[in-house]
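Subject: Structure handover

Hello,

Here is the structure you asked to take over. My notes on it follow below.

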Amino acid sequence: MDLKRKIPEKFKDAGASLHSAGQKLNRALRKNANGQDTGSGQAAAKESRMSVRQRREIRVSWTFLAPSIIGVAMFFVLPFFVVIYYSMIDNPVRHRPVGLANYVRVFNNSAFRLAALNTLKFSLVAVPLAVSLSLLLAVVMEQKLPWKSRFRSFFLSPMMVPTASVIMIWQILFHYNGLANVLLAKFGVGKIDWLKSSYAQVPIILLFLWKNLGYNMILFMSGLANIPRDQIEVARLESATEFQIFWLIKIRYLSSTILFVTIMSLINSFKVFRETYLMSGDYPYDALYMLQHFMNNTFRSLDYQKLSSAAVMMALFMIVVIGALFLAEDRFGRDLE
Amino acid sequence: MNLGNRKNGPGKNIVGSIRDRVKFEQGPPVLYPFKKPSENDQDKDGSAAGEAEAPAEIPAEAPAAAPVKEPEAAGPDALKSLSDLSAARIASARKALTKERREMIRMVLRTVIAGFFAILFLMPIVLTITNSLMTVSEINANYGVIFAKKNGVRVFISQTVNLKFIPDIISFSQYFKVLVMSPEYLMKFWNSVFYTVPIVLFQLAIASLASYGFARYRGRVREVIFFAYIILMLMPYQVTLVPNFLVSSWLRIIDTRWAIWLPGFFSPFAVYMLTKYMRRIPKSIYEAAEIDGAGEWQIFTKICLPNCKGGLASIAILLFIDYWNMVEQPLILLSDEQMHPLSVFLSKINTGEISLAFAVAVIYMVLPMMVFLYGEESLVEGIVYQGGIKE
């Protein structure tokens with residue numbers, strides 16, 4: 001048809017290197033075509049034809065996959081096994097297995113505990129806030145609203161602004177004599193030393209929300225748009241209130257979106273080191289000492305055992321948390337599928 | 001309902017959609033104080049809806065109330081008196097009016113919420129831009145306190161930090177200083193470009209091959225590997241940087257650009273996204289090409305990739321933001337500060353020359369902002385594709 005005419009024309013101007021690579025695959029295909037011609041009619045021939053085709057498919061798939069898989073194996077997967085190995089030996093010179101001693105050592109390390117607790121605290125506050133506020137924004141945006149597309153651009157723009165660019169504004173806002181304290185003073189609240197007190201996480205949480213709400217909002221908006229309209233119409237005919245429609249229908253249909261937004265927010269909350277590092281450098285106030293700070297400082301001392309066991313522990317933690325989220329979503333949204 | 005309506009309003013031709021019927025149930029259109037709703041108002045995109053000055057569209061909850069009234073007026077007995085009928089109509093119209101007012105209030109409320117967030121969201125960006133247009137002395141006078149203290153030298157220029165939105169004099173002296181007098185910032189800017197652009201290009205190239213491998217034919221082993229890619233994608237830097245560091249030190253590429261590039265090239269993020277994109281291309285297209293005698297490579301370059309243009313663009317944007325922003329990798333893998341990208345370097349400006357920091361910040365965000373203005377639709381599409389991880 002149309003394709004038949006298109007392909008040979010375009011094929012002529014394809015690069016020579018691509019050409020040679022393509023011909024190998026072409027030959028593979030032709031082999032298959034021959035197989036199809038000879039083996040028509042008989043059951044046994046059909047069987048072998050299938051296997052020829054399958055073998056070809058497997059060969060093609062793996063050829064295309066090879067560069068990526070080799071790279072991923074080389075830079076992520078295989079070294080990760082080495083990381084696991086390192087986490088169980090005493091040092092990279094003697095290679096004596098010590099079981100879980102390294103894990104215990106890291107776990108009892110006060111810096112690691114502080115970092116893990118801070119990161120956990122941050123995630124526990126920031127992730128629910130990020131999910132609920134962006135859901136609010138998405139619900140507002142879903143309904144009739146003037147300048148809708150402009151609002152969407154406004155909400156999304158922080159995502160594109162590099163954190164480093166706005167970090168100075170944040171420092172000005174949350175300085176001891178900064179705007180935040182001036183505003184608070186008007187409400188009769190005393191001055192707060194934002195970056196060097198137990199409130200230190202507040203500016204970072206705000207920065208995190210500022211950056212991530214737009215992204216989450218888009219996800220929720222697409223989730224809301226995918227809810228079948230007739231369900232809601234029926235509910236309205238049954239005189240359900242908007243509140244009921246939201247909690248009993250929309251939230252149920254959004255459960256997989258909520259899962260995804262939660263996971264992404266969780267991952268992004270682990271990345272919040274960026275913001276804290278840019279705000280307050282390598283050794284921030286205690287409340288801002290995040291896991292990545294711990295890792296950075298451990299990298300500097302090249303303590304492979306500590307690094308490896310910390311990395312393995314974090315990987316396990318992530319797998320457990322994400323798995324739990326998946327299971328929870330499975331239970332919650334089961335009757336919808 | 002449908003039948004009742006027809007009897008109810010002779011002369012009104014209601015053959016339209018359900019929505020038209022709903023509109024009619026509200027009462028005669030004469031009673032609408034506002035512009036009559038057109039089909040355009042239903043547009044998903046707000047721009048069309050935004051132009052309509054009033055919420056002329058009937059609130060969607062209308063049918064819930066309407067059915068109660070109508071059966072009486074139009075019930076089994078079609079020969080009701082005309083006055084009865086119009087009374088019912090007026091009642092329902094009044095109801096519609098109060099509904100409309102309520103909807104109006106709701107919309108104002110929504111606009112206020114959205115506007116509030118929009119101002120909060122835009123303020124830091126606008127502030128950075130306006131501050132970049134201030135003169136050096138103005139910056140020092142306003143923010144001297146913050147940054148002078150950090151330097152260890154306590155210079156009291158003004159006690160409180162004076163957040164200013166509009167500069168006294170618009171000047172480009174900051175930009176002049178950055179662009180002409182201190183080349184190190186430009187060098188860092190180019191560092192950022194040199195890290196980001198190859199990573200985006202090569203990750204896309206490698207990923208498009210791999211995604212084709214995942215999406216074209218499926219097998220059990222490949223599914224398992226794809227699942228492993230997803231898990232890997234979800235891992236935070238704290239986990240993935242350790243293996244990256246080990247390999248880089250074995251290959252002796254630490255402190256070179258390759259230490260940033262190579263893990264970036266093979267990062268599984270683009271593979272995951274593109275595979276999802278490619279799996280939505282109907283199989284029949286591939287099969288048609290196959291029947292027409294196209295080789296696998298031809299199908300890939302001539303059929304598959306052109307169909308993925310949208311996906312490639314949105315993934316490129318997402319990758320670009322991520323790597324343009326990178327902080328963790330250079331801090332660990334590059335000890336030479338000369339090779340750091342601008343993102344890391346910007347945090348060190350504070351101690352010294354704050355007078356040009358805002359200009360550098362603006363220069364740093366110009367490129368992503370341009371990408372955003374040019375490709376917002378692609379970005380949104382990309383985010384939407386990223387969702388639905390369960391598929």
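To begin with chain B, residues 24 or more positions apart account for 71% of its contacts with a separation of 6 or more. Two residues are in contact if their C-beta atoms, placed from the backbone, lie within 7 Å. Please keep in mind that this is a predicted model, in which local features need pLDDT of at least 70 and side-chain atom pairs count only at pLDDT 80 or more, while totals for chains, interfaces and linings use all residues. Residues are numbered from 1 along each chain as its sequence is written, and chains are lettered from A and ligands numbered from 1 in the order in which they are written.

The two chains

Chain B has 18 helices and zero strands. Helices (H or I, at least four residues) and strands (E, at least two) are DSSP runs, numbered from the N terminus. Of the 391 residues in chain B, 40% are buried. A residue is buried if 20 or more other C-beta atoms lie within 10 Å of its own, exposed if 12 or fewer, and partly exposed in between, with C-beta atoms placed from the backbone.

Chain A has 15 helices and zero strands. Buried residues make up 40% of its 337 residues. In chain A, 70% of the contacts with a separation of 6 or more are between residues 24 or more positions apart.

Where the chains meet

The contact takes 98 residues from chain A and 101 residues from chain B. On the side of chain A that touches chain B, helix α3 (residues 43-86) of chain A gives the most, with 19 residues. That side of chain A divides into 68 nonpolar, 22 polar and eight charged residues. Here Ala, Val, Leu, Ile, Met, Phe, Trp, Tyr, Cys and Pro count as nonpolar, Asp, Glu, Lys and Arg as charged, and the others, Gly among them, as polar.

Helix α7 (residues 163-173) of chain A is largely enclosed by the rest of the structure, because eleven of its eleven residues are buried. Among them are A:W170 and A:Q171.

A:L307 is found in helix α15 (residues 304-332) of chain A. This residue is buried, with 25 other C-beta atoms within 10 Å. Leaving aside neighbours within four places in sequence, A:L307 is in contact with A:M295, A:T298, A:F299 and B:V242. The C-alpha atoms of A:L307 and A:Y86 are separated by 9.0 Å, although the two are 221 residues apart along the chain.

A helix pair in chain B

The axes of helix α8 (residues 183-216) and helix α12 (residues 269-279) of chain B come within 8 Å and cross at roughly 45 degrees. Axes are lines fitted to C-alpha atoms, for helices over the stretch in contact, and angles run from 0 to 180 degrees between N-to-C directions. The contact involves residues including B:L204 and B:F214 of α8(B), and B:L274 and B:M278 of α12(B). By class, the contact of α8(B) with α12(B) has ten nonpolar, four polar and one charged residues.

A loop in chain B

Most residues other than glycine have a negative phi. B:R252, in the loop between α10 (237-250) and α11 (258-265) of chain B, has a positive phi near 55 degrees. B:R252 counts as exposed, with 10 C-beta neighbours inside 10 Å. B:D255 lies in the loop between α10 and α11 of chain B and has a positive phi of about 70 degrees. With 14 C-beta neighbours inside 10 Å, B:D255 counts as partly exposed.

Regards
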